[in-house]
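Please look over the model shown below.

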Amino acid sequence: MGMSPRLEEKSRLRRTRALCLPLGMGDNYSWRMLCRLFELEPELVFLFQYNSSHFSEVQDCLRSAEFTEHIRKVMTVIDAAVSSLDSLSSLDEYLTSLGRKHRAVGVKLESFNTVGESLLFALESGLGDAFTSDTREAWSLLYASVVQSMSRGWHRDSQE
Ligand code: HEM
């Protein structure tokens, strides 16, 4: 991956994650994040169409098990990146292929930023003052690095 977090950024990321865990990183945060996603970009609802469900309303999508599960998948990827801060490039191949898959389901590159903003919103609203501007910067850089690898896969697909 393009960016290597500096030592103090790594410790900020690890510390924030440790703070998140008792608050329910998987549930509390996912919930805030999934609501925020559609506030920022309601049209994303049309991309979350599953065999069993075709949503026309954001509320239906928010209630669906598949969509909730997708937010958990996003959180798992972010968590894997925090666990691999010393070797982010080990995720490169996985993230490249993840980017390719997302192009195939019709996701635009700009929409990855919406997920990033939702993530920062969820962290900020959960952590309050503990989410300092330096911590925000560290998370923002980490997410940018995940998206950089995903974007590479997204572009690769268009050249094939
Ligand atoms: C930008 C908006 C996004 C949309 C509209 C979107 C949509 C989708 C859809 C429709 C699928 C396939 C069905 C499913 O597994 O739910 C999927 C799979 C997945 N997405 Fe996303 N996604 C987005 C962003 C992201 C981001 C930023 C990440 C991670 C950082 C991510 C992680 C995953 C994972 C791990 C899978 C499962 C892939 C697999 O089964 O191999 N998604 N996404």
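## Ligand surroundings

Of the 17 residues around the ligand, those that come nearest are Tyr-50, His-70, Lys-73, Lys-101 and His-102; a residue is near if one of its heavy atoms lies within 4 Å. This is a predicted model, in which local features need pLDDT of at least 70, side-chain atom pairs count only at pLDDT 80 or more, and totals for chains, interfaces and linings use all residues. Residues are numbered from 1 along each chain as its sequence is written, and side-chain values use heavy atoms, with hydrogens and water left out.

A polar side-chain atom of Lys-101 lies 2.5 Å from an oxygen atom of the ligand. For Lys-73, the distance from a polar side-chain atom to an oxygen atom of the ligand is 2.6 Å.

## Iron site

His-70 and His-102 coordinate the iron atom of the ligand, each through NE2, at 1.9 to 2.0 Å. Donors are N, O and S atoms within 2.8 Å of the metal (3.2 Å for Na, K and Ca). His-70 lies in helix H4 (residues 65-83) and His-102 in helix H5 (residues 92-104), so the pair ties together parts that are 32 residues apart in sequence. Helices are DSSP runs (H or I) of at least four residues, numbered from the N terminus.

Both His-70 and His-102 are buried, meaning under 20% relative accessible area with a 1.4 Å probe and protein chains only; exposed means over 50%, and partly exposed is in between.

## Helix H4

The buried residues of H4 include Phe-67, His-70, Ile-71 and Val-74. The face of H4 turned away from its buried side carries the exposed residues Ala-65, Lys-73, Thr-76 and Ser-83.

Notes: Helices (H or I, at least four residues) and strands (E, at least two) are DSSP runs, numbered from the N terminus. A polar contact is a pair of N or O atoms within 3.5 Å; within protein, one must be able to donate a hydrogen and the other to accept it, and residues adjacent in sequence count only if both atoms are side-chain atoms.
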